[in-house]
Amino acid sequence: MVHRGGERAPGERSLVYTLSGAHALIHAIELAYAALLLRIEAEFGANLLLLGVFANIAAFTFGLGALPAGVLVDRLGSMRVLRITLAGSALAALLVAASPSELTLGVTLALLGITTGLYHPAGFALLARTTRRTRDVAMHGVVGSLGIAVAPVLLSGIALATDWWLSYVALGVLSAVGFLYTLRLARGGAPATPPANPGATCCGHEAPPPEPAPPAPPTADRGAAPSATAALRRFWWLPLAVVYFMNVIQGFVYRGSVTFIPTHIEEQITGSVLGVDGAALAGALATVALLGSAVGWYVGGILAERLPAYPLILGAWVATTPLLLLISVADGAPLIVVTFVFVVTNFAMAPALVTLIADFSPPGRIGASFGMMFFLAFGMGSFAATLAGFTADRWGVDAVFVVLAAVSGGGALTSAALYYLARGSRRSAAAAPS
């Protein structure tokens, strides 16, 4: 059934709310280790180097999990992979809580990284099939960002009041509750686009919902000459690859910047702002930056519904580069304002980028497309901290944001190339004889 005029499909609203909550939970689990690191160190007596290696392993497996998740989404269906994610995360979180030694802790953290890493291809593949997908993707990002911002405070509070492992028990219980709720959703009605063949179920199990064929890329106009259409189809992968690249750059710029923003604030604010000294502001700004990502998702979702994707993305990239340069030279209260605006701008392009992935994915491969996107974004983004650390050590923290501005400039050039390619292909197709 096609729902016109933005009408919601049965069960769709509950699906979006469930996915948004799951998104916040997954990122809370991802950040739990960093929030509890000092308490884990106190219990096991391990040195920070070893615990840092465990953090790297967990982060890498979080990105690695997106690859098999994409394949599983296309073969099993997004809802089944979502259930596997939540059930597996519940079990893995409890195993982390029960870890008796450093080695066991490392292994269970890696397992937890894999299970939580399965989420994003499944979640975004489901969102791509909703009737208001751009707005739904934006809300999903907002709630996920709020979860990131609030989770360290809540988990640290639990650990201070009781013990660190009870924080993981709480996360495991929440994951199990989320798993049970997905079963309720399935019983209550199809949460996404119903299967083309209503009888395609067996033994009471849900048939994997077919992924819809993506709309024709904006480079392919209807009525184009056969030769022009064939040429466009031959290079179907090119716009998808360009959007992948822009996602990688966006994640790289964000990861590299937030790694050194607290240090930069602490160095630049030597006095106090509104009665708060620089050291305290440095810690508070991390939360402000993450809340800025929530605002960016929200604003980006509204703009993506009202503006064409290509000029929106290009405008965000063009604005991001000078903002990074301003961060490198600003101090005092203006530095906080510019940093917040930068994070908002950097994330405002995210809803449009995500929906372009869905648009350009080949039929039946939307899960694999999202899997590759998140693997590249998380995997390549992790190298930003190394580049930023090398730059800061060699030329100072100020230089980090200059280097990231240059990387952001590459994103602007890439988005401009995609915009030009889309417009040029439209003109060629329209001018070709019918």
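# A tour that starts at the cavity

The largest cavity here has a volume of about 40 Å³. A cavity is a set of points on a 1 Å grid over the protein atoms alone where a 1.4 Å probe fits but cannot get out; the volume is the space filled by probe spheres set on the points, with points joined across faces, edges and corners. Before you click on, note that this is a predicted model, where local features need pLDDT of at least 70, side-chain atom pairs count only at pLDDT 80 or more, and totals for chains, interfaces and linings use all residues. Residues are numbered from 1 along each chain as its sequence is written, and side-chain values use heavy atoms, leaving out hydrogens and water.

**Stop one: the lining.** Select Phe124, Ala128, Arg133, Val137, Val354, Thr355, Ala358 and Phe370, which line the largest cavity (lining residues have an atom within 4 Å of a point). They split into 6 nonpolar, 1 polar and 1 charged; Ala, Val, Leu, Ile, Met, Phe, Trp, Tyr, Cys and Pro count as nonpolar, Asp, Glu, Lys and Arg as charged, and the others, Gly among them, as polar. H15 gives the most, with 3 residues. Helices are DSSP runs of H or I, at least four residues long, and strands are E runs of at least two, numbered from the N terminus.

Beyond its neighbours within four places in sequence, Phe370 is in contact (heavy atoms within 4.5 Å) with Pro121, Phe124, Ala125, Ala128, Val354, Ile357 and Ala358.

**Stop three: the core.** Phe370, Trp164 and Tyr168 have the most contacts inside the largest nonpolar core, a set of 99 residues. Such a core is made of buried Ala, Val, Leu, Ile, Met, Phe, Trp, Tyr and Cys residues joined through side-chain atoms within 4.5 Å. Helix H11 (residues 237-268) brings the largest share of this core, 12 residues.

**Stop four: Trp164.** Jump to helix H9 (residues 164-188), where Trp164 is found. Trp164 counts as buried because its relative accessibility is 1%; buried means under 20% relative accessible area, exposed over 50%, partly exposed in between, with a 1.4 Å probe and protein chains only. Next, pick Arg39: its C-alpha atom is 6.4 Å from that of Trp164, though 125 residues separate them along the chain.

**Last stop: zoom out.** The whole protein chain has 17 helices and 2 strands, and 49% of its 434 residues are buried.

Terms used: 1 Å grid on protein atoms, 1.4 Å probe; cavity = no way out; pocket = protein on both sides within 12 Å on 5 of 7 lines; lining within 4 Å.
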